[in-house]
Amino acid sequence: MGWNYMEVSFDNIADHIIPISEHSLNSRFTNIPEEHLSQIKSLDKSASKFLSDYIIGRELHRDIPFKDGFFKITDSINVQNVKKEEVGKWLFDLDFPINDEIFLSWSPTEAMIVPWKLLIQYFDDFYHLVSDDLTVFDQTLNWSLLFFHEGEIYYGTK
């Protein structure tokens with residue numbers, strides 16, 4: 001490790017924000033208005049790996065959708081059988097503070113920080129059925145969402 005090497009943590013993750021135009025998933029967000037797009041914080045590869053390692057280290061998905069016993073309460077919605085508005089309402093009804101920033105992790109190289117309200121409004125831009133497994137969480141890991149590639153969104157909370 002060089003003297004200027006900085007390990008990513010939740011304390012400094014904001015130092016790892018890159019322009020959305022440099023994010024590998026940027027083509028998904030062309031329909032989001034600039035006023036909302038500017039609130040999306042794309043993370044570089046080192047921050048993306050940090051979030052992925054955080055999830056893996058806690059074995060969150062050891063069992064699908066979540067490690068047995070990790071959460072006391074779980075729920076789910078099948079997005080293939082309902083309208084977009086119903087999914088948005090289901091997410092909204094989870095009753096998180098609307099402006100809280102949450103972490104989105106697709107893979108060890110793809111992650112973002114977004115306000116909860118934008119995930120609700122544009123979940124179908126963030127999540128592509130069939131191709132994505134998207135984990136959504138906050139630093140406490142007291143709750144999580146798994147947008148599963150088979151069309152199910154799972155929610156777990158302690």
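The structure is a predicted model, so local features need pLDDT of at least 70 and side-chain atom pairs count only at pLDDT 80 or more, while totals for chains, interfaces and linings use all residues. Residues are numbered from 1 along each chain as its sequence is written, and side-chain values use heavy atoms, with hydrogens and water left out.

Let's start with the sheet. Its 8 strands form an open, antiparallel sheet in the order E1-E2-E5-E4-E6-E7-E8-E3. Strands E1 (17-18) and E3 (73-78) sit at the edges with a single partner strand each, so one side of each has no neighbour in the sheet. (Strands are DSSP runs of E, at least two residues, and helices are runs of H or I, at least four, numbered from the N terminus; two strands pair if DSSP finds at least two bridges between them.) E7 (residues 143-148) and E8 (residues 152-157) pair over 6 bridges, and Ser144 has Gly156 in E8 as its bridge partner.

Now for the salt bridges, where a side-chain nitrogen of Lys or Arg is within 4 Å of a carboxyl oxygen of Asp or Glu. The whole structure has 7 of them. Lys41 and Glu101 meet at 2.8 Å, N to O. Lys41 is in strand E2 (residues 41-43) and Glu101 in strand E4, so this pair ties together parts 60 residues apart in sequence. Asp124 and Lys84 form another salt bridge, at 3.3 Å. Here Asp124 belongs to helix H4 and Lys84 to helix H3, so parts 40 residues apart in sequence are tied together. Finally, salt bridges with shared partners join Glu59, Arg62 and Lys67 into one network.
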